[in-house]
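Please read the following note beside the model.

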Amino acid sequence: ALGILKPLLAQNPDEREILLPTLQASLLLASVTTDRSASQALRERALQTMQAVKIGRDDPRLLALQVEAMLALDRRDEANPLIKRLWTEGYRDPEFATVLEREHIDYPSNPAFAAQLLAATRQVADDGAAAQADKGK
């Protein structure tokens with residue numbers, strides 16, 4: 001997969017549909033490679049690629065992959081601010097949660113974000129009901 005994705009990424013370095021799968025494949029390959037130096041090199045290159053992104057640097061999926069790479073490279077101190085940021089923003093992803101759990105990092109749900117999400121959901125439902133009521137008049 002990387003043989004196909006890397007040339008595409010070289011042509012379109014900020015294209016999310018190419019960038020994210022390439023980074024995921026690199027980190028997956030690094031996790032199953034038995035050669036420790038090759039594994040470290042894959043993670044380092046993936047992290048460098050992520051940090052060089054110019055467009056959409058705040059994409060939570062990209063930040064989560066950075067955390068994964070940093071933790072695997074034993075750079076927990078660098079990962080902690082990103083983990084806190086993702087938690088504050090309410091980021092929830094099963095794969096990310098598994099990475100954090102494997103590293104024994106507590107990542108509970110964010111009650112403030114959950115309340116905001118609930119309020120927004122209720123507002124959308126209320127707006128939809130009001131629009132339907134207006135159509136019936």
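Does Y91 count as buried or exposed? At 14% relative accessibility, Y91 counts as buried, where buried means under 20% relative accessible area, exposed over 50% and partly exposed in between, with a 1.4 Å probe and protein chains only.

1. Basis of the note. This is a predicted model, in which local features need pLDDT of at least 70 and side-chain atom pairs count only at pLDDT 80 or more, while totals for chains, interfaces and linings use all residues. Residues are numbered from 1 along each chain as its sequence is written, and side-chain values use heavy atoms, with hydrogens and water left out.

2. Aromatic pairs. Rings of Phe, Tyr and Trp (its six-membered ring) are taken to pair if their centres lie within 6.5 Å, and planes under 30 degrees apart count as stacked, over 60 as edge-to-face and the rest as tilted. By this rule there are two aromatic pairs. In one of them, the ring centres of Y91 and F96 are 5.6 Å apart and the planes stand at 65°, so the pair is edge-to-face. F96 is buried, because its relative accessible area is 3%. F96 also pairs edge-to-face with Y107, at 5.3 Å centre to centre and with 85° between the planes.

3. Packing of α3 on α4. The axes of helix α3 (residues 36–51) and helix α4 (residues 60–72) come within 9 Å and cross at roughly 145°; axes are lines fitted to C-alpha atoms, for helices over the stretch in contact, and angles run from 0 to 180 degrees between N-to-C directions. The crossing of α3 past α4 is left-handed, a term used if the near helix is turned anticlockwise from the far one by less than a right angle, with right-handed used if clockwise. On the α3 side the contact (heavy atoms within 4.5 Å) is made by Q40, R43, L47, M50 and Q51, and on the α4 side by L62, L65, Q66, A69, M70 and A72. These contact residues divide into seven nonpolar, three polar and one charged, where Ala, Val, Leu, Ile, Met, Phe, Trp, Tyr, Cys and Pro count as nonpolar, Asp, Glu, Lys and Arg as charged, and the others, Gly among them, as polar.

4. Helix α4 itself. The 13 residues of α4 should span 18 Å at 1.5 Å a residue, and the end C-alpha atoms of α4 are 18 Å apart, which agrees; the expected span is 1.5 Å times one less than the number of residues. Buried residues of α4 include L62, L65, V67, A69 and M70, and the buried residues of this helix pack against α2 (16–32), α3, α5 (76–88) and α6.

5. L47 in α3. L47 is found in helix α3 and counts as buried at 1% relative accessibility. Not counting residues up to four places away in sequence, L47 touches Q66, A69, M70, L73 and R75. The C-alpha atoms of L47 and L62, 15 residues apart along the chain, are separated by 10.0 Å.

6. With neighbours within four places in sequence left aside, S26 is in contact with L2, L42 and A46, while T22 is in contact with L2, L5, K6 and L9.

7. Positive phi angles. D74, in the loop between α4 and α5, has a phi near 60°, a positive value in a residue other than glycine, and is exposed, with a relative accessible area of 70%. H104 has its place in the loop between α6 and α7; its phi is likewise near 60°, positive in a residue other than glycine, and at 71% relative accessibility H104 counts as exposed.

Methods:
Helix = DSSP H or I, 4+ residues; strand = E, 2+ residues; numbered from the N terminus.
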